Amino acid sequence: MTFFLESNIYQFFGRFHAMLVHLPIGFIILAVVFELLALKKKIDLNRAISYAFLAGALSGFISIILGLMLASDGGYNEATLNTHKWTGITMTLTAFLLFFIKRKQNTILWAKKSYPLLMVLVVTLLFVAGHNGGNLTHGSDYLLEHAPNPIRTLVGMKPIRDRVTDLDEALVYEDVIHPIFEAKCNVCHNSDKAKGDLLLTDPESIMKGGENGEVIATGNAKESELYRRVTLSPTHKEFMPTEGRTPLTKEETMLIQWWIDEGAPFDKKVVALNLTDRTKAHLRDVGIGLKQTFIESLDLEVVDDNIIEAIEAEGFKIKPITGNSTLLEVAYSPYNKSPITAEKLEVLLKAKTNIVWLNFSDIRLQEALIPKLGQLENLVELRINNTNLTDEGVKALASLKHLEYLNVYGNPITDASVESFQKLTSLQKIYLWKTGVSETGVQELKNALNHVNVVLGL
Ligand code: HEC
């Protein structure tokens, strides 16, 4: 006896409801299909049909008992549950009725006329009960969850917003927290099945809390019931999610903690909150911050040591941009007495695909050599300030499609260069201080390159 009490026998049997309900559905549909077949092919299937209805009615009866046990656990939307319960019961009774009519079809006259109507009724009830049952198990958005936006709008659902994964743009609730609740909690905490009277589907419900009050203490994860529930030992009976559903990952738990500690905001961007490198790593784990920079996307072979040595022998400083990256940064000291020649550049260009940063500030560059720099196809940063660069030279740089940073300050260039700059479509920052480029030229450039930051002074 104690065994039964402890194991909650109601719930044990109740869980079989979801499985068993498929039987009446199958039998009743089978009966209807037989009926149509008999009609079309003029064959006698009356016996098979009556038994199919009987089987549907009996399995329906057992499903009702199990369903009532399951519902005793509570936490279901009352209206949906009532519709489901009563359509299910009526459907089962109708199936019994159909069975008796079918058996005695020749003797009961009134039944002949009502028979087709009852068939339509039983099928209608079947669909209504089935649909509401689906809503109780999966939430009312379930059926149309993946429907295209026009259909969603038609039935009054919010259009699906593409999840933003770019760290700078992502919203902390919409793009980070809400997807976690949806994936791990909301099968049980939605408007049709609010276990513990708690909905985790929208900001108001989350802040409202559950049967024991608020679950979030704004600014203090450690004091929050929601956080406590997900950080208990998985064997604890209050641990969330229950029933052996997939628990939160360590990263998801940390993100929820971070979000609550940051005041549980619903409309802020991720970058508006305190972001440590650790949090960023956790965000990356849930898919935020995946937009790679051009440099991160480069996957290049390491440059041969002999080539590096030859380049250094020509007076260039060359080294990996960080630690053991295969990408290189190159500089030439303005104090180096020997000027850069065509031969020197030729040697440097042996590593051209790997060079991403180049610093040629404050050195005299021969105009004829500039076009060679256009071969540095992966160049992202170019410092070429105070080098006597002319409009003609700038033209030769227009092939640097990945250039994000360009410093040309202190060079005799004019508005004639604006057209060339416009071709640098990746450009984010350009220093035009102490050049001949006019305000109109700057404006033209800003109009052409949306996000460019033009720096005109120190
Ligand atoms: C399989 C169903 C299920 C899943 C999934 C689930 N819960 Fe629950 N939750 C319940 C049930 C049942 C209760 C009520 C019993 C209880 O309080 O332990 C509950 C209660 C709660 C409560 C307490 C509400 C109150 O006021 O007492 C919180 C907080 C909670 N859940 C959070 C979560 C979070 C966060 C997740 C996702 C990580 C989650 N749950 C996933 C079934 C579930």
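Colleague: What pLDDT does the protein chain average?

Modeller: pLDDT is the predictor's confidence in each residue, from 0 to 100. Here the protein chain averages 89, and 95% of the residues score at least 70. This is a predicted model, so local features need pLDDT of at least 70, side-chain atom pairs count only at pLDDT 80 or more, and totals for chains, interfaces and linings use all residues. Residues are numbered from 1 along each chain as its sequence is written, and side-chain values use heavy atoms, leaving out hydrogens and water.

Colleague: Where does pLDDT stay under 50?

Modeller: Over residues 1-6. Contact means heavy atoms within 4.5 Å. For residues 1-6 the model has one contact beyond four places in sequence.

Colleague: Into which domains is the protein chain divided?

Modeller: Domain bounds come from an automatic or database domain assignment. Here they give domain 1 (2-138), domain 2 (172-285) and domain 3 (305-455). The C-alpha centres of domain 1 and domain 3 lie 77 Å apart.

Colleague: In what order do the seven strands of the open sheet run?

Modeller: Strands (E, at least two residues) and helices (H or I, at least four) are DSSP runs, numbered from the N terminus. Two strands pair if DSSP finds at least two bridges between them. The order is β1-β2-β3-β4-β5-β6-β7, with mixed pairing. β1 (316-320) and β7 (453-455) stand at the edges; each has a single partner strand, so one side of each lacks a neighbour in the sheet.

Colleague: In which sense do β3 and β4 pair?

Modeller: Parallel, over three bridges, between residues 355-359 of β3 and 381-383 of β4. W357 has E381 in β4 as its bridge partner.

Colleague: Which residues touch the most other members of the largest nonpolar core?

Modeller: A nonpolar core is a set of buried Ala, Val, Leu, Ile, Met, Phe, Trp, Tyr and Cys residues joined through side-chain atoms within 4.5 Å. Buried means under 20% relative accessible area, exposed over 50%, partly exposed in between (1.4 Å probe, protein chains only). In this core of 47 residues, the answer is F360, L406, F421 and L432. Beyond four places in sequence, the contacts of L406 include L382, I384, F421 and Y431. A second, separate core of 31 residues includes L226, Y227, L248 and W258.

Colleague: Which loop holds K42?

Modeller: The loop between α4 (22-41) and α5 (46-71). K42 is not a glycine, yet has a positive phi of about 55 degrees. K42 is exposed, at 72% relative accessible area.
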